[in-house]
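Dear colleague,

Please find the structure below, handed over for your review. My findings follow it.

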Amino acid sequence: MRAVVYDRYGPPEVLRLEECPVPSPGEKQVLVKVAATSINLSDWEMLTGNPGYARLNGLFAPGRKVLGSDIAGQVTAVGSGVTSWHVGDEVYGDNLALMGGFADYAVVAETALARKPPELSFAEASTIPQAGAIATQGTASARAGQRVLINGAGGGAGTFAIQLAKLAGAHVTGVDNDHKLDFMRDLGADDVIDYRRDDFTRRGPFDLVLDLVADRSVFAYRRALAPGGRYLCVGGNVRTLLRVVTLGAALGGLTGRHLGLLVAHEGPRHFTPVAERCVAGELGIRIDRTFSLDQVPQALAHVGAGRSLGKVVITP
């Protein structure tokens with residue numbers, strides 16, 4: 001089979017397309033013929049090894065040689081202990097534990113998968129698992145009349161988060177670069193901010209801030225919150241994340257504001273409700289571009305540069 005592999009952290013140029021053996025599923029695993037894999041920010045982080053937590057599977061070299069976690073495809077083999085799936089089933093899921101989506105075949109734990117809705121294409125289904133789960137949990141506390149800000153709102157998780165917060169009745173402000181301002185408005189954002197020109201922490205107060213790219217001072221985040229407000233960060237540099245869970249938590253407790261990490265739970269029960277709402281027409285799926293397997297380096301460069309409007313998909 002073909003697979004895009006890498007053996008050292010670095011820019012997209014360290015990736016190469018190779019012929020590799022088709023993997024065999026373990027007892028509780030299935031083999032999926034990949035029809036589509038969407039790119040997440042976690043793929044870029046694990047490619048570059050930055051922030052530091054992206055090296056959990058290998059401090060000096062990547063432990064997983066093939067990136068790609070959000071996959072959709074067809075089951076072609078099952079392990080001896082698998083009871084949920086059969087050959088021919090169409091499935092999708094977040095394979096963050098094993099990765100391997102940038103290939104013709106990937107081994108996936110049976111519990112990581114859900115049955116693909118027939119109303120969604122493989123490409124559409126692949127955009128949902130990780131981004132949908134983060135967006136759902138990050139906006140779970142949004143309520144009608146609240147002011148919600150989403151930083152990094154023009155990417156995959158942000159695309160769903162804007163729509164979910166609007167469906168909850170909130171006033172939504174989206175933050176990203178100037179290339180994505182019209183895109184965020186089209187998704188339903190009431191206000192948009194170009195982070196290169198304007199400091200969103202001075203535009204509050206907000207009842208909920210979902211930060212997908214945290215890199216500011218905890219004092220600035222506290223300033224952005226209304227009394228009783230919540231700040232949740234998902235990604236960002238290690239120093240900022242550590243300060244949020246230590247100093248930020250203490251400052252928030254003293255001022256009646258909550259600052260903390262969003263530890264997003266994985267698995268079908270966290271992303272299938274998003275797929276159901278997509279099928280029902282309540283949520284829109286935005287695919288910016290589709291690349292072939294041999295174009296994975298270009299696709300990751302596009303995402304890493306912050307140019308993607310929604311999700312980027314790889315189709316072998």
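Predicted model: local features only at pLDDT ≥ 70, side-chain atom pairs only at ≥ 80, totals over all residues.

Residues are numbered from 1 along each chain as its sequence is written, and side-chain values use heavy atoms, with hydrogens and water left out.

The structure holds two aromatic pairs (ring centres of Phe, Tyr or Trp, the last by its six-membered ring, within 6.5 Å; planes under 30 degrees apart are stacked, over 60 edge-to-face, the rest tilted). Tyr-92 and Phe-271 are edge-to-face, because their ring centres are 5.1 Å apart and their planes stand at 65°. This pair links strand E5 (residues 90-94) with helix H8 (residues 268-279), 179 residues apart. Both Tyr-92 and Phe-271 are buried (under 20% relative accessible area, 1.4 Å probe, protein chains only). Tyr-221 and Tyr-231 are stacked, at 4.2 Å centre to centre and 20° between the planes. Tyr-221 has a relative accessible area of 1%, and for Tyr-231 the value is 1%.

The charged end of Lys-116 sits over the ring of Phe-122, 4.9 Å from its centre (NZ of Lys or CZ of Arg within 6 Å of the ring centre and within 35 degrees of the ring normal).

Asn-40 is buried, with a relative accessible area of 5%. The side chain of Asn-40 makes a polar contact with that of Lys-311 at 2.6 Å (N or O atoms within 3.5 Å; within protein, one able to donate a hydrogen and the other to accept it, with residues adjacent in sequence counting only if both atoms are side-chain atoms).

Yours sincerely

Conventions
Buried < 20%, exposed > 50% of the residue type's maximum accessible area, 1.4 Å probe, protein only. Helix = DSSP H or I, 4+ residues; strand = E, 2+ residues; numbered from the N terminus.
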